[in-house]
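Here is a model to walk through together, one label at a time. Each question below asks what stands behind a word.

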2 protein chains.
Amino acid sequence: MKITLKDIAKEAAVNVSTASRALSGAYGVHADTREKVLAAAQRLGYRPNLMARGLVTGRSHSIGLLVSDIRNPYFSEVARGAEDAAFAASFDLILCNSDLNPAKQIRYVRSLLEKNVDGILMNSVAALSAEQCAELAVCGVPVTLLNKPAGKYPFSTVLADNYQGGRQAGEYLVGLGHRAIAHLTGHRGHGNFADRCRGFLDAVQAGEGMAPPLVIRGEHTLRGGCEMARKLFSQHPEVTAIFAANDVIGFGVLEAAAEMNRSIPDDVSLVGFDNLEYCALVHPALTTIHQPKYEIGRAAVEILLRRIRAGVDTIPEHQVFGVTLIERQSCCKRFPISAQLEAAKAQALEKV
Amino acid sequence: MKITLKDIAKEAAVNVSTASRALSGAYGVHADTREKVLAAAQRLGYRPNLMARGLVTGRSHSIGLLVSDIRNPYFSEVARGAEDAAFAASFDLILCNSDLNPAKQIRYVRSLLEKNVDGILMNSVAALSAEQCAELAVCGVPVTLLNKPAGKYPFSTVLADNYQGGRQAGEYLVGLGHRAIAHLTGHRGHGNFADRCRGFLDAVQAGEGMAPPLVIRGEHTLRGGCEMARKLFSQHPEVTAIFAANDVIGFGVLEAAAEMNRSIPDDVSLVGFDNLEYCALVHPALTTIHQPKYEIGRAAVEILLRRIRAGVDTIPEHQVFGVTLIERQSCCKRFPISAQLEAAKAQALEKV
DNA sequence: CTGAAAGCGCTAACAG
DNA sequence: CTGTTAGCGCTTTCAG
């Protein structure tokens with residue numbers, strides 16, 4: 001038999017509303033009565049029913065977290081940061097794995113809304129149609145997007161500086177002397193990947209004597225990375241460096257390389273993105289672009305929480321986190337055909 | 001303005017109760033009226049309020065998942081399996097990270113109960129006191145434990161055959177000729193680790209000419225594994241093999257070995273437990289005991305769901321999954337002092 | 001088959 | 001400061 005407010009009101013010989021006030025620690029209740037109520041609640045082991053409370057207050061004290069797949073260590077880091085921040089604010093986190101499937105995504109959102117979540121955190125609205133985005137925009141609760149610019153919609157966003165990251169990766173590889181570089185990324189329309197790609201392409205195009213960069217698209221998973229790399233290795237022997245749009249893809253490249261007897265970094269250099277813990281453990285250790293995953297998750301719920309308190313109609317916040325290149329063992333210097341060109345440039349510089 | 005049942009009742013010119021029945025697809029409502037109601041609901045974009053429904057039905061259609069840390073790839077696999085099963089049954093999953101902290105754990109449980117979750121899935125009640133376990137046992141919702149025998153409490157359980165796994169690891173290492181083997185594990189009282197340890201010790205004790213096995217305890221994380229291994233390498237140069245209680249600890253050993261210039265497997269062999277995806281990627285690839293993580297998560301919620309439907313007072317189910325050793329590159333054959341002994345045995349066998 | 005009414009447990013005016 | 005009174009949105013008897 002569950003203990004309700006009514007029970008403790010009776011026990012303390014007061015009205016339920018008084019009991020409610022006493023327990024919610026509000027003003028307007030005599031110290032003595034409060035004591036009495038608190039004691040009764042204690043004695044009976046009272047636990048409030050949050051559904052009932054939620055029904056009247058309209059808040060559930062829970063937020064939805066929609067990621068493509070929690071098994072991706074990137075998302076488990078983000079999720080942990082998010083959950084810690086939620087816990088600190090006494091909010092619960094409802095975990096949803098969308099697999100980037102628009103139907104699943106929208107079904108999750110609707111279900112979260114039916115449960116009256118106070119806010120939604122989501123990874124990718126990539127696959128969503130305009131109507132679906134519009135539905136989200138007016139759903140009545142604040143939404144913050146992870147790693148995706150909000151575009152014209154009133155969503156808050158928290159992102160790593162994906163453009164700069166892509167650019168740094170590109171510049172690094174170009175600086176190492178690579179002239180034929182491939183980029184392995186996810187399917188088109190994936191927001192953060194698009195920015196990484198742009199940054200990378202800009203860096204490559206700024207290099208001299210570069211072969212036109214090759215962009216290969218596939219699943220952004222270990223399996224996908226492996227498949228893309230197999231294709232690349234067999235069809236494009238000329239490329240000497242790869243920029244993988246995330247570490248997990250990079251790990252797939254490592255697997256494919258081992259399979260096909262291509263040495264990394266001797267035959268081909270590899271740069272990843274995310275700086276997962278496992279980068280240091282794989283062989284060779286993966287050079288990558290670091291982004292603060294845990295902090296992104298935390299910041300995302302903090303921003304969401306602020307907006308929940310302030311109201312959906314307040315203006316959305318945006319936060320971008322810097323990224324840095326972490327050098328490990330997956331890249332080598334190269335002196336390809338353009339070596340002379342570089343030497344000449346060096347001479348020119350010395351004369352100045 | 002949110003659309004309620006009342007709105008659609010008015011729109012369809014029926015009573016709310018009729019609308020309710022029509023929408024819940026129940027018997028006892030004329031086909032025509034049902035059509036009318038469904039059409040109205042469609043037109044107005046009606047979405048039921050699950051808090052209100054839950055308040056009367058007493059069910060929330062959500063279950064709590066309590067793990068120590070979702071960043072551990074073991075748990076993200078389990079969580080994904082669990083979430084998929086929950087999604088299939090239209091249940092939501094509330095993610096909680098306990099860090100094995102009893103205070104946090106109990107706070108989560110209480111908060112879940114206040115939210116009226118229909119069931120709880122938890123990883124470890126290790127640190128819980130007897131009273132806390134008792135509280136859980138009578139909390140009113142079914143509980144299923146992951147990787148932990150239920151003991152005397154009425155919890156369902158889903159576990160890998162941890163004893164056999166530990167035993168297989170031990171036998172494998174003994175069979176390879178190792179005579180001084182260490183076991184790196186978590187702190188005492190961690191259910192599944194205890195069984196792995198027993199299995200391992202039994203295997204070692206069954207070996208001939210074995211040095212007494214060394215058991216070192218610490219955090220069951222990469223950091224912890226690293227620390228334990230550092231200690232081991234510096235204080236016990238005689239050990240030639242390590243059984244890590246899980247892969248993550250094993251990864252820590254790899255890191256420590258690299259740091260201290262100990263070669264794995266040439267100087268010391270290493271076996272892990274879990275068979276995480278990253279085992280194949282680390283260097284050297286980790287030999288380990290495979291357990292079906294995704295399936296464990298899925299089975300756990302399926303069992304939980306069955307019990308939710310049948311009632312808390314039904315008898316708990318128990319399911320154990322088999323494990324297998326996966327050979328990779330982290331182990332070497334050894335011919336230590338006891339080589340003669342083995343040779344002698346071999347001769348003896350040949351004569352038979 | 002359908003409507004009326006009660007109530008899930010709680011909060012929030014509104015009087016007193 | 002405290003009690004009374006309404007609901008929140010829904011399901012579920014209970015009559016009709």
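The questions and answers that follow set each label against its definition.

Q: How do you know how far to trust and how to number this model?
A: This is a predicted model, in which local features need pLDDT of at least 70 and side-chain atom pairs count only at pLDDT 80 or more, while totals for chains, interfaces and linings use all residues. Residues are numbered from 1 along each chain as its sequence is written, and chains are lettered from A and ligands numbered from 1 in the order in which they are written.

Q: Why is B:Ala13 called exposed?
A: B:Ala13 has 11 C-beta neighbours inside 10 Å, and therefore counts as exposed. B:Ala13 is placed in the loop between H1 and H2 of chain B. The phi of B:Ala13 is positive too, about 60°, although B:Ala13 is not a glycine.

Q: How do you know which residues belong to the contact between the chains?
A: Two residues are in contact if their C-beta atoms, placed from the backbone, lie within 7 Å. The contact takes 38 residues from chain B and 38 residues from chain A. The side of chain B that touches chain A divides into 18 nonpolar, eight polar and twelve charged residues. Here Ala, Val, Leu, Ile, Met, Phe, Trp, Tyr, Cys and Pro count as nonpolar, Asp, Glu, Lys and Arg as charged, and the others, Gly among them, as polar.

Q: Why are S2(A) and S2(B) called paired strands?
A: Strands pair if DSSP finds at least two bridges between them. Three bridges join S2 of chain A to S2(B), and the two run antiparallel. In this pairing A:Leu95 stands opposite B:Leu93.

Q: What makes the sheet open, and which are its edge strands?
A: Twelve strands form an open sheet with mixed pairing. The edge strands are S11 (318-321) of chain A and S11 (318-321) of chain B, each of which pairs on one side only. The twist averages 20° from one strand to the next, where axes are lines fitted to C-alpha atoms, for helices over the stretch in contact, and angles run from 0 to 180 degrees between N-to-C directions. Within chain B, S1 (residues 62-67) and S3 (residues 119-122) pair in the parallel sense over four bridges, with B:Leu66 opposite B:Met122.

Q: What makes a set of residues a nonpolar core?
A: Such a core is a set of buried Ala, Val, Leu, Ile, Met, Phe, Trp, Tyr and Cys residues joined through C-beta atoms within 7 Å. The largest one has 178 residues, and those with the most contacts inside it are A:Leu65, A:Leu121, B:Leu65 and B:Leu121. Leaving aside neighbours within four places in sequence, A:Leu65 is in contact with residues including A:Ala79, A:Leu93 and A:Leu121.

Q: How do you know which residues are near DNA strand C?
A: A residue is near a strand or molecule if its C-beta atom, placed from the backbone, lies within 6 Å of it. 26 residues surround DNA strand C, and the closest are A:Thr4, A:Leu5, A:Ser17, A:Ala52 and B:Ser17. H4(A) gives the largest share of this surface, five residues. Around DNA strand D there are 27 residues, with A:Ser17, B:Thr4, B:Leu5, B:Ser17 and B:Ala52 coming nearest. There H4(B) gives the most, with five residues.

Terms used. Buried ≥ 20, exposed ≤ 12 C-beta atoms within 10 Å, placed from the backbone.
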